Amino acid sequence: MSFGPFAVAVWLLLVGLYGIVTSRNLVHLILCLGVVQASTYVLLLAIGYRTGGAAPIFADIPVGTRAVDPVVQALTLTDVVVEATVMALLLAIALQVDKRFGTVDPDELRDLRG
Amino acid sequence: MTGSVLPPLTLAIPMLAAAVLAGTQCLGFRLLAQAIALVATVSTIVICALELALAIRHGVAVYWFGGWHPHHGVALGISFAIDPFGAGLACFCTVLTLAAQVFSWRHFESVGHAFPALLLVLMAAIIGFSESGDLFNMFVFFELMTATAIALTAHRSDQRAPLQGALNFGISNAIGGFLVLFGIALLYGRTGGLNLAQIGAALAGHRVDGLVVVAFALIVCGFFVKAAIIPFHFWLADAYASAPTPVCVIFAGVMSEVGLYGVARVYWTVFAGPLGPHAATLRLILVLTGAATALGGAVMCLLQQLLKRLLAFATISYMGLFLVGLGMLDVRGLAGTAIFVVADGLVKASLFVCVGILQHRRADADSLRIRGLGRGSPFTGIVFALAALGLAAMPGWGSFLGKTLIESAAAEQPGYGWVPVLITVTECLVGAAVLAAGARAFLGWGPELDDDAALSDDSEDLDELSDPEARTPAILFGPALALMLAGLAIGVLPGVGRFAVAGATRFEASAAYGSAVLRGRVTTLTVPRIHTTPTLEDVLLGLAFTVVTVSLALLVLAPRPRWAPDVAVSARRAAVQRLHELHSGHPGDYVTWLVAGAAALTAVLAVTLG
């Protein structure tokens, strides 16, 4: 089991979180959230991978052939849909923020404090 | 089985109704929208009540979606495993959604179709989360809850504060979801299963190792974000303070508590086996985290002047108390927490409805200018005061019953004698803060608040509501009264304690849960004889502490003493300023705390349990 994909997943997580923490633009911040999401996809797919495994479609290969795990692929697809919804909502809110606050800099959002 | 059609209906009815509402938005029949939402909510209440009855009779009622029944003890499909507590939480959620729907009819000038549709989807998501027996399924409902809640918080998108609140909400909870997903991925990699009972069966009997502990820590941190445990709590104050008040009824009443329910469910079905030998260490960690949250939330609550933000910090503080009760990791603690959650949710919902009534009189009622605002609504003031006393666990209220059970759980464990003190102190502080705010609003007591301590007074858009009227409409007062009386009923009705203990016994019985889900076997459990009625001595102590709470409230309202030395006053002001600055409203700051907290908690768990 190669270490590479897991390292990539952790790297994406850390880079995405760093981007969110230091962001000066809401759209950039939300896209960094997307990077963090991508880390979960990489992790899931890496867990399901089998070296030398075929695609898990048994139409033309005999049942029992070594194939990669389809469950994690289903999980990843579900995850993609869920996170697309959340990202779309957050981006819509960012648009409204630009309209109401006149800025998309998170440092300038001062209406809720304390 | 006769009950086999009920679980999918609890999801299908609200979601179909929401789809119909969204689809007919162009028609714009307000009464039709209200009617569809009402019918959907009431029918879901009925079905959830039926499920509760079935769960009480069968222990764990299992439903397999798509007919994928387990094969030789291996789960193939997605299941709903409904036990009394899960069904009870679903019921509770539907009742609060009904209150929110009714309340929203008069709260907004024009409700439209989107708002009731979103409420229905949120209700379906919470029901799905409470009933699900599959870990990834729980994650999906968790994300659905987050997405719907973001949309509901930002419903008044023409105002500035809700947008910021929704943004902080979304970012923090999305990261919480990713943490949960990381944990799920690790567990799947280790055990090959996603069904809770399946993973539990695969992990049971094995030594705990680093991977399992890290997975546990990640899942717990993710759910703690939803449950607003310190230091993951920063988003909640912003979100609950700026969300529309009918939505806060559901948020504070059930959505935060669902996060702790997730922790409890995952712990007892999946991790109780491998982590069982380390229960004492885990108990200490959970109770200490809960204690920090309870006290931190209580202190912040006392420093708030905006009503909804005050109630938000009261919610955070009580989530800490629930975690203390859960963290006892035994039947008594769990039963006490269950009663406490429901009773406290009801009175908090009532408090939020009272705030909504104040907003009805004057649209910016959440600003600092609330002094004496409620003078013309004495009955609302009485309901507010009674609900605040219920929050402070006055004897007779459900929260008192729950608290007594948690304290008896702490008495059973050596070294936790300080827990009753913690609970009492927290309740006195929070109760005093809420009572003082109520006195300021309804009686006009208290000093004039200095403007430099004021936060931005967002009163630009006031046409959210109908014209301020002299009389409070019954449709707003009714839910407030009904919710407060329900919180009282929980403390007074016989059988509540017995039901809670039986439900807690069933919740903790991992082996029985596993065999019910994977093999379809119903196991009868012996319920321990636990005396749940509070003793006379408990009641007298409780009354004494209620008096202390009321005196503290008067102290909060009293003008600053002139004899206080300047250095103390300025030191206090500096400390208060630091605390306010911590809650900066900046999403990056909140995420920093989240990451630091998650790293710290994971490290502590890995070192002590691994």
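Does B:Gly478 count as buried, exposed or partly exposed, and how many C-beta neighbours does B:Gly478 have inside 10 Å? In this predicted model, B:Gly478 has 15 C-beta neighbours inside that distance and therefore counts as partly exposed. B:Gly478 belongs to helix 17 of chain B, which comprises residues 474-492.

Helix 7 of chain B, residues 196-203, may be considered next. Of its 8 residues, 7 are buried, so this helix is largely enclosed by the rest of the structure. The buried residues are B:Leu196, B:Ala197, B:Gln198, B:Ile199, B:Gly200, B:Ala201 and B:Leu203. Their cover includes several helices of chain B, namely helix 5 (135-153), helix 6 (160-191), helix 8 (210-227), helix 10 (245-275) and helix 19 (510-519). After helix 7 comes B:Gly205, which has a positive phi near 80 degrees.

The remaining topic is the contact between the chains. Here 42 residues of chain B are in contact with 34 residues of chain A. On the side of chain B that touches chain A, two or more residues come from each of helix 5, helix 6, helix 9 (234-242) and helix 22 (587-609) of chain B. Helix 6 makes the greatest contribution to this side, with 17 residues. By residue class, this side of chain B consists of 23 nonpolar, 15 polar and 4 charged residues.

Key:
Residues numbered from 1 in each chain as written. Chains lettered and ligands numbered in written order. Predicted model: local features only at pLDDT ≥ 70, side-chain atom pairs only at ≥ 80, totals over all residues. Buried ≥ 20, exposed ≤ 12 C-beta atoms within 10 Å, placed from the backbone. Helix = DSSP H or I, 4+ residues; strand = E, 2+ residues; numbered from the N terminus. Contact = placed C-beta atoms within 7 Å. Nonpolar A, V, L, I, M, F, W, Y, C, P; charged D, E, K, R; others polar.
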